[in-house]
Amino acid sequence: MEHNVKIAVVGSGYVGLVAAACFAEMGHDVICVDNDESKVRLLNSGGVPIFEDHLLALLQKHLNVRLRVTSDLKTAVERSDAIFIAVGTPQGSSGAADLSHVEAVVRQVARCVNGYKVLVEKSTVPVYTNQWIAKCMLLNRIPRDSFDVVSNPEFLREGTAVCDFLHPDRIVVGANNQRSENMLRRIYGPLISGDYYSSESSIPGPLSRCNPAKLLVTSAQSAELIKHASNAFLAMKISFINAVANLAESVNGDIEEIAAGMGLDSRIGAKFLRAGLGYGGSCFPKDLAAFTWVAEQQGIDLQILKNVRQINAKQQDVFFNKVRSALWTLRGKKVAAFGLSFKGGTDDIRESPAIDVVRRLLVEGCSVAAYDPAAMEKARSVLPGSNSLRYVNDPFMGAQDADAALILTDWPEFSRFDLNRLKRAMRFPTVIDGRNLYKPSQMLEHGFTYFSIGRPDVHPVPVPAGTALANRDLSQVPPAIRTQDPPSTGQQF
Ligand code: NAD
């Protein structure tokens, strides 16, 4: 069987560019198309528009060999057998996904069809989009036997996108007939057979020749729902642990201990049980809104998802209350903000909780020194230009004379700060950690006042009795007796 497939990937964003580079890495001939000419120019000149591990190396290896980047969709379609649609599906005003970019691509594709093509939905789309794509092709007079539509949702995570793509937990193919299923089997053949992992130059990851990628074939509708339901479930885990964190905090529990105890249960699993500032990014917020909308259209009230979104929105307030508890008044306070991207390992700032916190600090009159290893350039384009906001190239520069340092993104380097140096730089050694990167005991040892999520605050200097802070000051209390007296209702815990 011929393994090499001619592929067009439309959209060169986080998903499209990674998919295109990885398909080339798997041995296919790929044309990546974007209508953003500046992106195409940047890529063809050897640049990379996004920060993603391994991506530059793959582009350098395959560009102009097995991978071409262009804005010429017509030629890409004519030369390809499979066309992956990887354009954005942002949230529309009703909450529904805005599919106008997808439709625009399908219409353009329809104008250039010159033989049998498989159109593959790589973008995250609501259920039945496959049927709308088919309808659009038919309306544009493409005979039904000249194309198929397949749903192949993408589960990569930004920050580890290349590794996730080449070492996926599963590959879902929603195909409504054998012909199109076979095409997708050919495309993912090197990962399913394990051949890709035998190569010495393969990108390392959890899969191997003996433990290759698993392919799940479903109907197109099921595949579309798998993607939305998966993202909704992951978001639910995050909101669940944040809700429990707030409860834990009110009874002087420790959410990290609780999450560890829960996560060891193989039915639950430890991943996505990290309490913090809540989820953000370009996927969860819009996908939850779209999924809720889809359910409503079917007369199904997914109340659970509304709660997930409410808890997530409230988590910002929970964090900001901690900032107030730490600093009292905010006007004129100097704050170091560590992190701008929505999570560590990426420069993506879309729906980033960190960006929202910085905006709010500026509105409240703080002077902010912001540092992020990758996202500062993108942050500049969305945060207001202000004398109160400085971007610094070094976290310790940001901490200089600060009244408090805020950890807003879980970059690994933020969990390895030289704490003595950080303390020396700051005016007052106060850290408010929205990502629970440190242990309260460790921060106390280094002389920090430390606030985190779902855990007791610690204060090296006892807080005056009668203040809100005093109730939470456990620094003088040995861990074994860090529990509140049970309420006098006779209720047993
Ligand atoms: P993105 O905004 O980073 O990239 C989209 C790209 O499509 C842009 O470069 C844009 O210029 C291009 N584009 C738009 N219209 C076009 C057209 N008509 N012709 C050619 N190019 C066009 O988006 P993304 O983050 O890569 O996400 C793409 C899709 O994948 C979305 O549906 C998203 O929900 C889904 N997804 C994203 C992730 C992620 O982590 N970012 C993960 C899984 C799935």
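Predicted model: local features only at pLDDT ≥ 70, side-chain atom pairs only at ≥ 80, totals over all residues.
The largest share, three residues, comes from helix 5. In total, 27 residues surround the ligand, and the closest are Asp34, Lys39, Thr89, Glu158 and Lys286. Sorted by class, the shell holds eight nonpolar, 11 polar and eight charged residues. Residues of the shell are given both by domain 1 (6-218) and by domain 2 (231-460), and the ligand therefore lies between these two domains.

An oxygen atom of the ligand is placed 2.6 Å from an N or O atom in the side chain of aspartate 34. For lysine 39, an N or O atom of the side chain is likewise 2.6 Å from an oxygen atom of the ligand. Taken alone, the ligand exposes 830 Å², of which the protein buries 89%.

Attention now turns to a pair of strands. Strand 9 (residues 334-338) and strand 10 run parallel and are joined by five bridges. Within this pairing, phenylalanine 338 stands opposite tyrosine 371, a residue of strand 10. Strand 10 covers residues 367-371, and four of its five residues are buried; this strand is therefore largely enclosed by the rest of the structure. As a general point, the side chains of a regular strand alternate between the two faces of the sheet.

Histidine 54 has a phi near 75 degrees, a positive value in a residue that is not glycine. This histidine 54 is located in the loop between helix 2 (37-44) and helix 3 (55-62). With a relative accessible area of 29%, histidine 54 is classed as partly exposed, because this value falls between the limits of 20% and 50%.

Tryptophan 328 likewise has a positive phi, of about 65 degrees, although it is not a glycine. The position of tryptophan 328 is in the loop between helix 14 (303-327) and strand 9, and strand 9 is the parallel partner of strand 10. The relative accessible area of tryptophan 328 is 72%, and the residue is therefore classed as exposed, a term that applies over 50%.

How values were computed:
Residues numbered from 1 in each chain as written. Heavy atoms only, no water. Near = heavy atom within 4 Å. Polar contact = N/O pair within 3.5 Å; in protein donor to acceptor, adjacent residues only side chain to side chain. Areas by Shrake-Rupley, 256 points an atom, 1.4 Å probe, with all protein chains shown as cover. Helix = DSSP H or I, 4+ residues; strand = E, 2+ residues; numbered from the N terminus. Nonpolar A, V, L, I, M, F, W, Y, C, P; charged D, E, K, R; others polar. Domains from an automatic or database assignment. Buried < 20%, exposed > 50% of the residue type's maximum accessible area, 1.4 Å probe, protein only. Pairing = 2+ DSSP bridges.
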